[in-house]
Amino acid sequence: MNPFKFGNVVTGEYFTNRKKEIKEIVSEIKAGQHIVLMSPRRYGKTSLVDEAMKISGVKWFKMNMELIAGEVDMANYYVRNALSLNKFEKIKHYLKSLKIQPYIQMQPETNDVSVSFNMESRNISTLLLDSLQLPETIARNIKQRFVVVFDEFQEIRRISPMLERKMRGIFQYHQNITYIFIGSQESMIREIFQNKKNPFYKFGRHITLNKIDLPEFSEFIIKRFASQKIDASKVIDDILEFTDCHPYYTQQLCHEIYILNEKKTLFKSVIDKAVDQIVTEHHADYSRWWNTLTNTERKVIIGIVSGDHNPTSQEFIKKYGIKSASTSGSVVGKLTTAGTLVKKNGGDLKIEDPFWEKWILKNRQQR
Ligand SMILES: Nc1ncnc2c1ncn2[C@@H]1O[C@H](COP(=O)(O)OP(=O)(O)O)[C@@H](O)[C@H]1O
Ligand SMILES: [Mg+2]
């Protein structure tokens, strides 16, 4: 079996320990401290919180805000998840606390419940307030603390412009719920939680999740290959240099290496083969991403992949034919917000996806 996984949440043997981070999250939860967990996409936030929740033993539910299509949809999911916190038999009791009654379907064998409010728009506010209150009502009743996790929380602004205010208005009175807000768009998360004008200002403690530490990741990868009787010690540094310890891309590369490899010991040539394979396999996606870019965006990206890391310098804009430093600056801002560009530790900019970078280089050479 392939010892590496990428894409979705990873747990168990597919998850490096991240002991320090888990300990921190668990201890904050136990202290009732709300948390804002932030990092670029695919660093492992969702996996980490899932793991921390499992270890904490506290009852919890998660709202993936990406999946929510509006306020009524939000209420449906929220009520369904909140009801799952308690015994199946108690559902009726809690439904009484709602002013507007949902249509409920139950499957007694699996204890699955589906909730749907069929709403006229004038009642949405009541509906939402009631739903958001439900976990606290249940917690108080059974004298147990819960955790509610909002994943990709920055999506709240797409769902509805007033939602932030409504939520904050209710959450501030909750004494039995600890809230965890996970976010991948740093600028938006900072705006939501660090701008005095916004309702969630200073609502939770900020934790920034970094990539996995090099020694921890090395040990993990070597162990995972070893579980399939493969020695990765000769290539581990090359793998992590290529992926810069990015959790997702590292697992993606190792996954491919495992598929292509036929030997007991890994050598550098297998990394090149795996990178090539991934670049070829994703050609359609990479080409589509490239084709959504404007000319100036292309110039900035070409400059960066060519090894020039300061797109707002006079030298850069001259060399790549960009109108002005401010044009270049606003493009960098846009690409950074979108997650296409990221800052390296030293502050230099780089392309977030190392495989896409390879694709760009490869295709531009073929002219
Ligand atoms: N602790 C970890 N150990 C090993 N791989 C990880 C870890 N965390 C994340 N990953 C890798 O990154 C991928 C994305 O993780 P995910 O939790 O979905 O990130 P996020 O929620 O930040 O977008 C996972 O599928 C896995 O391949
Ligand atoms: Mg996630």
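## Overall make-up

The chain has 17 helices and 9 strands. The model is predicted. Along the principal axes, the C-alpha atoms occupy a box of roughly 70 × 55 × 35 Å.

The chain has 367 residues, and 34% of them count as buried. Among contacts with a separation of 6 or more, 71% are between residues 24 or more positions apart.

## Two packed helices

Two packed helices are described by the angle between their axes and the distance between the axes. Helix H12 (residues 268–281) packs with helix H17 (residues 354–365) at an angle of about 80°, and the axes are 9 Å apart. Angles of 65 to 115 degrees count as roughly perpendicular, and H12 and H17 are therefore roughly perpendicular to each other.

On the H12 side, the contact is made by Val275, Ile278 and Val279. H17 contributes Phe355, Lys358, Trp359 and Lys362. By class, the contact of H12 with H17 has 5 nonpolar and 2 charged residues, and no polar ones.

## Two residues with positive phi

Most residues other than glycine have a negative phi. Arg18 is not a glycine, yet has a positive phi of about 45°. Arg18 sits in the segment before helix H1 (19–30). A residue is buried if 20 or more other C-beta atoms lie within 10 Å of its own; Arg18 has 20 within that distance, so Arg18 is buried.

Lys143, also a residue other than glycine, has a positive phi near 50°. Lys143 belongs to the loop between helix H5 (124–142) and strand S5 (146–151). The cut-off for an exposed residue is 12 or fewer; Lys143 has 7 other C-beta atoms within 10 Å and is therefore exposed.

## Lys87, an exposed loop residue

Lys87 is located in the loop between helix H3 (71–83) and helix H4 (91–95). Lys87 counts as exposed because it has 10 C-beta neighbours inside 10 Å.

From Lys87 to Phe267 the separation is 180 residues in sequence, and in space the two are 55 Å apart, C-alpha to C-alpha.

Terms used: Residues numbered from 1 in each chain as written. Chains lettered and ligands numbered in written order. Predicted model: local features only at pLDDT ≥ 70, side-chain atom pairs only at ≥ 80, totals over all residues. Helix = DSSP H or I, 4+ residues; strand = E, 2+ residues; numbered from the N terminus. Axes fitted to C-alpha atoms, helices over the stretch in contact; angles between N-to-C directions. Parallel < 35°, antiparallel > 145°, perpendicular 65-115°, else oblique. Contact = placed C-beta atoms within 7 Å. Nonpolar A, V, L, I, M, F, W, Y, C, P; charged D, E, K, R; others polar.
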